[in-house]
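Try each task before you read its solution.

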Amino acid sequence: MARPPFAAANPSPPPPPAPPRPPAPPSGRTGFGRETAAPAAERRTLVVGRGISVQGMVQDAERLVVEGKVEATLINAAELSVSPGGIFKGEIEVEDAEIAGTVDGTVVARGALIVKATGVVLGTARCRRLQVEDGGQITGRIEMITEAAARASAAAPVSSPMAALHSFET
């Protein structure tokens, strides 16, 4: 009797499979170097891919990644990321924003606003911390949120919200 090709002369049972390794815990850090309330893997994330357009109001997304085009209003998200070639038109309020594409409208970053070398912000940008890489562009109005503004808005409505902001026109 001929044995099939590649058959072992002394067949032995295969070794038992290795136990699965638990996944590494998510870091819980944003791209901005801060700890977040929810690890990135557990955040409700909306990704608008290249070649896709979305219009309307975005609700309950903690993180928005724009690679295509979004015309919307988004309030109280944790993070906005506009990739190179991505376009966001409208109003957005987030904890942190990183712009490598284009934002046309109003962006409020209660924490950091980072404009990458390929990034363009047209309109109004309000933030506590601003970083613009060489080549990044901001055309419009920049309003820096100060500690006084943050305390005033948390404690009571301010008669003029601009009273505690430093403003710059470009």
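**Strands side by side**

**Exercise 1.** Work out how β3 and β4 pair, and over how many bridges.

*Solution.* In this predicted model, β3 and β4 run in the parallel sense, with four bridges between them.

**Exercise 2.** Find which other strands join β4, starting with β2 and moving on to β5.

*Solution.* Start with β2: six bridges join it to β4 (residues 69-82), and the two run parallel. Valine 58 stands opposite leucine 74 of β4. Now go to β5 (residues 87-99): it is parallel to β4 as well, joined by 11 bridges. Here valine 82 has isoleucine 99 in β5 as its bridge partner.

**Exercise 3.** Is aspartate 60 buried or exposed, and what is its phi?

*Solution.* First place the residue: aspartate 60 sits in the loop between β2 (53-58) and β3 (63-66). Next, check its cover: the relative accessible area is 61%, and exposed means over 50%, so aspartate 60 is exposed. Then look at the backbone: phi is near 65°, a positive value in a residue that isn't glycine. For context, most residues other than glycine have a negative phi.

**Exercise 4.** Zoom out and describe the whole chain.

*Solution.* Count the elements: one helix and nine strands. Read them in sequence order and you get β-β-β-β-β-β-β-β-α-β. Now the burial: 34% of the 170 residues count as buried. Finish with the surface: the chain exposes about 10,400 Å², of which carbon and sulfur atoms supply 56%.

Note on methods:
Residues numbered from 1 in each chain as written. Predicted model: local features only at pLDDT ≥ 70, side-chain atom pairs only at ≥ 80, totals over all residues. Heavy atoms only, no water. Buried < 20%, exposed > 50% of the residue type's maximum accessible area, 1.4 Å probe, protein only. Areas by Shrake-Rupley, 256 points an atom, 1.4 Å probe, with all protein chains shown as cover. Pairing = 2+ DSSP bridges.
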